[in-house]
Amino acid sequence: MGFDQVRQRRLSDGIIERLEAMLLEGSLKAGDRLPAERVLAEQFGVSRPSLREAIQKLVAKGILVSRQGGGHFVVEALGATFSDPLMMLLEASPDAQHDLLEFRHTLEASCAYYAALRATEADRERLTAAFEALLGCYHRAGEVTRAEEGAADATFHLAIAEASHNLVLLHTIRGLFDLLKRNVVTNIGGMYKQRSETRDMLIAQHRELFEAIMGGHAELAREVSSRHLLYVQEVLQEARQEAEREARAERRRGL
């Protein structure tokens, strides 16, 4: 019987694996700057030449970018699910906005379920901070812009995705973050105009979702997430139908 020779593993490959794992778990994000080489080498317990070799390989892969005199950064486009031109088309299409809500319905219910099962103490702290920031926007109605409220809403849902500890769910949500944020801004404008109780309903729904996750109630978290997005779909559909009726009435008046 013959045996293959054991190949010695290059130290830089181990460094690459660690950095890539940090990207997957979300410890490193798009646009993040890596610590200085000296600091990073000390943290990993490796030599600076081995670290430089690993960084060069990640630059060649298109994961990192080096800036003259500015260090090494995770590329900004990492995890971007849609290109900017496609993003603009999706934002302008009413059908695509409806489709995004359907997509969120499936995705965010799963995130909520797994977050309730898996959230660590650090996750709960981040989720609490995101929820309190969202509440702050709700309670300062008229003082914050819709864009600020939309960003706080999207950040809350991103914190839930992070707490799910499902890498595919996390990076899908993260890749869609800008589109999700704009979708929320578009939605709340139409919803607040359509129903006077909308703000109170959203506060109650987000609070119930937050408490279900914090309490570890996975099935309830999934159900609350689904109910929240069904409510959003219902109100927006109602607003759309009313707009169509008004447009028909205006056309008839013009005949």
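Author: One definition to begin with: angles of 65 to 115 degrees between axes count as roughly perpendicular. The model is predicted, and every value below is computed from it.

Reader: Why are α2 and α3 called roughly perpendicular to each other?

Author: The two helices pack at an angle of about 105°, with their axes 9 Å apart. The range for the label is 65 to 115 degrees, and α2 and α3 are therefore roughly perpendicular to each other. The contact is made by E37, R38, L40, A41 and F44 of α2 together with R48, L51 and R52 of α3.

Reader: What makes the buried residues of α2 line one face of the helix?

Author: Helix α2 covers residues 37-44, and its buried residues are E37, L40 and A41. Viewed down the axis of α2, they fall within an arc of 100°, so they line one face. As background, an α-helix has 3.6 residues a turn, so residues three or four places apart point the same way. The buried residues of α2 pack against α3 (48-61) and β2 (71-74).

Reader: Which exposed residues sit on the face of α2 turned away from its buried side?

Author: That face carries E42 and Q43. Just after α2 comes G45, with a positive phi of about 70°.

Reader: Why is α7 called roughly parallel to α10?

Author: Helix α7 (residues 146-164) and helix α10 (residues 198-214) pack at an angle of about 20°, and their axes are 12 Å apart. Angles under 35 degrees count as roughly parallel, so α7 is roughly parallel to α10. The contact involves E149, D153, F156, H157 and I160 of α7, and R199, H206, L209, F210 and I213 of α10. The crossing in which α7 passes α10 is left-handed.

Reader: And why is α7 called roughly antiparallel to α8?

Author: Here the axes come within 8 Å and cross at roughly 160°. The label applies to angles over 145 degrees, so α7 is roughly antiparallel to α8. On the α7 side, L158, A161, E162 and S164 meet L169, L170, I173 and R174 in α8. The crossing of α7 and α8 is left-handed.

Reader: What lies in the loop between α7 and α8?

Author: H165 has its place in that loop, and α8 spans 167-175. H165 has a positive phi of about 55° although it is not a glycine.

Reader: Why does H165 count as partly exposed?

Author: The relative accessibility of H165 is 44%. Buried means under 20% and exposed means over 50%, with partly exposed in between, so H165 counts as partly exposed.

Reader: How do you know that Y231 is buried?

Author: Y231 has a relative accessible area of 8%. The limit for buried is under 20%, so Y231 is buried. This residue lies in helix α11 (residues 218-254). Leaving aside neighbours within four places in sequence, Y231 is in contact with M191, R195, E197, T198, M201, L202 and Q205. The C-alpha atoms of Y231 and M201 are separated by 9.0 Å, while the two residues are 30 residues apart along the chain.

Reader: Why does Q205 count as buried?

Author: Q205 is at 6% relative accessibility, and under 20% is what buried requires; Q205 therefore counts as buried. Q205 lies in helix α10. With neighbours within four places in sequence left aside, Q205 is in contact with V224, H228 and Y231.

Reader: What makes S225 buried?

Author: S225 has a relative accessible area of 2%. S225 lies in helix α11. Not counting residues up to four places away in sequence, S225 touches E108, A109, A112 and L209.

Reader: How many helices and strands does the protein have, and what percentage of its residues count as buried?

Author: The protein has eleven helices and two strands, in the order α-α-α-β-β-α-α-α-α-α-α-α-α along the sequence. Of its 255 residues, 40% count as buried. The protein exposes about 14600 Å², and carbon and sulfur atoms supply 53% of that area.

Reader: What share of the contacts with a separation of 6 or more comes from residues 24 or more positions apart?

Author: Such residues account for 73% of those contacts in the protein.

Key
Residues are numbered from 1 along each chain as its sequence is written. This is a predicted model: local features need pLDDT of at least 70, side-chain atom pairs count only at pLDDT 80 or more; totals for chains, interfaces and linings use all residues. Side-chain values use heavy atoms; hydrogens and water are left out. Helices (H or I, at least four residues) and strands (E, at least two) are DSSP runs, numbered from the N terminus. Buried means under 20% relative accessible area, exposed over 50%, partly exposed in between (1.4 Å probe, protein chains only). Contact means heavy atoms within 4.5 Å. Accessible areas come from the Shrake-Rupley method with a 1.4 Å probe; for residues, only the protein chains shown count as cover. The arc is that of the directions from the helix axis to the C-beta atoms. Axes are lines fitted to C-alpha atoms, for helices over the stretch in contact, and angles run from 0 to 180 degrees between N-to-C directions. A crossing is left-handed if the near helix is turned anticlockwise from the far one by less than a right angle, and right-handed if clockwise.
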